[in-house]
Amino acid sequence: MTLSVNLQAVAYLVSAVLFILALKGLTHPASARRGNLYGMLGMLIAVGATLMGDQVQSYGFIIVGMTLGAIIGVIVALRIQMTAMPQLVAALHSFVGMAAVMVAIGTFLTKRGAGELNALLMGEISAGVVIGAITFTGSVIAFGKLQGLLSGSPVKFKGQHLLNALLGIATLALAVHFAMTGSLISLTLMTLLAFTLGVTLIIPIGGADMPVIISMLNSYSGWAAAATGFTLHNNLLIIVGALVGCSGAILSFIMCKAMNRSILNVVFGGFGSDSSGEDSAGAVAAGKGVKSAAVEDAVYWMEDANRVIIIPGYGMAVAQAQHALKELMELLEARGVEVKFGIHPVAGRMPGHMNVLLAEADIPYDRVLEMDEINPDFPSTDVVLVVGANDVVNPAAKEDKTSPIYGMPILEAGRARQVYFLKRSMRPGYSGVDNLLFYQENTSLVFGDAKDTIEGMNSALKGGGH
């Protein structure tokens, strides 16, 4: 059965509406499952309508590609750990970028052989190649940083911004020349320079900015898809690409606002290495030492508390401690303690990372509050338990004008009566900035693996505590 052009257009319209509903559903944890279902249904209709269109002449390679892709996708989905989700997202973005490049080049070669090239089409091909190539190599670098294959610290060198500017200008000049002449040499050079630009744009980005970069690359992948839609004259691909591109850009803006930084500052001024000066507040506080505490000390405080706030971070993800935290919450609530979770917009390595992990442990949505909602509660909180977070609770953002994170809104954990900080070591967070919270009078550090420590707390609570 072959769909007529009109029926295919209707199917694409239905798919587009479902994709919009999917994005709407993903704005809140309670409706996220429904949003995912809308998205999957929309994609099923879109793929089905495309395969049934008269543009498809043969199904052989399509079936092979879809089968291999489905097998790989299922295996990855079953084996992937939640801690590795950020790098998986980066890897998927790279696939979209490379697909855009390959479709654009393939379209050029096909149309050139048929003598159907024109300036508009070659302009669309240029956009697909440039955006796709930057997305591909940029996402590969982000994957390497998140996976630990590359250093999370920014890679900087003299003349870096000038190099990026020259690469950008040369790439655009070649794109214009290609659109006007259809030169294969211009296409080749343009593609190579765009691949290079993707690398040079992302290597100076420090680990602390990775959540924003993941969101930004998501936006790039959307624009690459939209450019491909123009090349293939596929309206649905244009719509979906625009949705992804715009939503990724908006999310990047929101996250930059949460870090008190501009998107240009993130792209051109990444940080992630040690940066405290001799007279900084961090250096002064370090001379005061820190207080360490045992599991029993934290239990003593928490079981007699009226309110406990738990702040999860990437360390919780690495230790896979979310399920142990769910049990700790239940044990404390059984004793009449109010327990809440505070989430910073850039906690973890990608947007919503902590929310996903807590949802995986079936922690009720109403216990999980965002930064602006939870901050007023800290002064009336008896105990704050920080589990693997670091930069997002660092008072240096408010107190140390020499700090690279100065001005970034934080979870104001230090305003509580007592803070227990679960840490493996005294190493700073991913930004490389010393945490002043370690040295406050009301802060004690509990050293060890977060999951083991929390399970120790649970055992102590089950045993009756003190």
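Leaving aside neighbours within four places in sequence, which residues is Leu385 in contact with? The list runs Met302, Ile309, Ile310, Ile311, Leu325, Leu328, Tyr420, Leu422 and Met457. Keep in mind that this is a predicted model.

**Nonpolar cores**

- Leu385 also stands out in the largest nonpolar core, which has 56 residues: together with Leu328, Leu385 touches the most other members.
- Apart from that core lies another one, made up of 30 residues, including Val212, Ala389, Phe421 and Leu445.
- As background, nonpolar side chains tend to be buried together in soluble globular proteins.

**Salt bridges**

- The count comes to 13 salt bridges.
- One of them pairs Asp377 with Arg307, with the closest N and O atoms 3.9 Å apart; the cut-off is 4 Å, so this pair still counts.
- Asp377 sits in the loop between α16 (371–374) and β4 (383–387), while Arg307 is in strand β1 (residues 307–312), so their bridge ties together parts that are 70 residues apart in sequence.
- Both partners, Asp377 and Arg307, are buried.
- Glu327 and Lys462 make another salt bridge, and here the closest N and O atoms are 2.4 Å apart.
- Since Glu327 belongs to helix α14 (residues 322–334) and Lys462 to helix α18 (residues 450–462), that pair links parts 135 residues apart in sequence.
- On accessibility, Glu327 is partly exposed at 28%, whereas Lys462 is exposed, with a relative accessible area of 55%.
- Arg415 bridges to Glu412, the closest N and O atoms being 2.7 Å apart.
- In that pair, Arg415 counts as partly exposed at 48% relative accessibility, but Glu412 is buried at 17%.
- There's a network too: salt bridges with shared partners join Arg307, Glu338, Lys340 and Asp377.

**Thr443**

- Where does Thr443 lie? Its place is in strand β6 (residues 443–447).
- Thr443 has a relative accessible area of 0%, so this residue is buried.
- A polar atom of the Thr443 side chain lies 3.0 Å from the backbone oxygen of Leu437.
- Setting aside neighbours within four places in sequence, Thr443 is in contact with Lys291, Gln418, Val419, Leu437 and Phe438.
- Leu437 therefore turns up in the contact list of Thr443, where contact means heavy atoms within 4.5 Å.

Note on methods: Residues numbered from 1 in each chain as written. Predicted model: local features only at pLDDT ≥ 70, side-chain atom pairs only at ≥ 80, totals over all residues. Heavy atoms only, no water. Salt bridge = Lys/Arg side-chain N within 4 Å of Asp/Glu carboxyl O. Helix = DSSP H or I, 4+ residues; strand = E, 2+ residues; numbered from the N terminus. Buried < 20%, exposed > 50% of the residue type's maximum accessible area, 1.4 Å probe, protein only. Core = buried A, V, L, I, M, F, W, Y, C linked by side-chain atoms within 4.5 Å. Polar contact = N/O pair within 3.5 Å; in protein donor to acceptor, adjacent residues only side chain to side chain.
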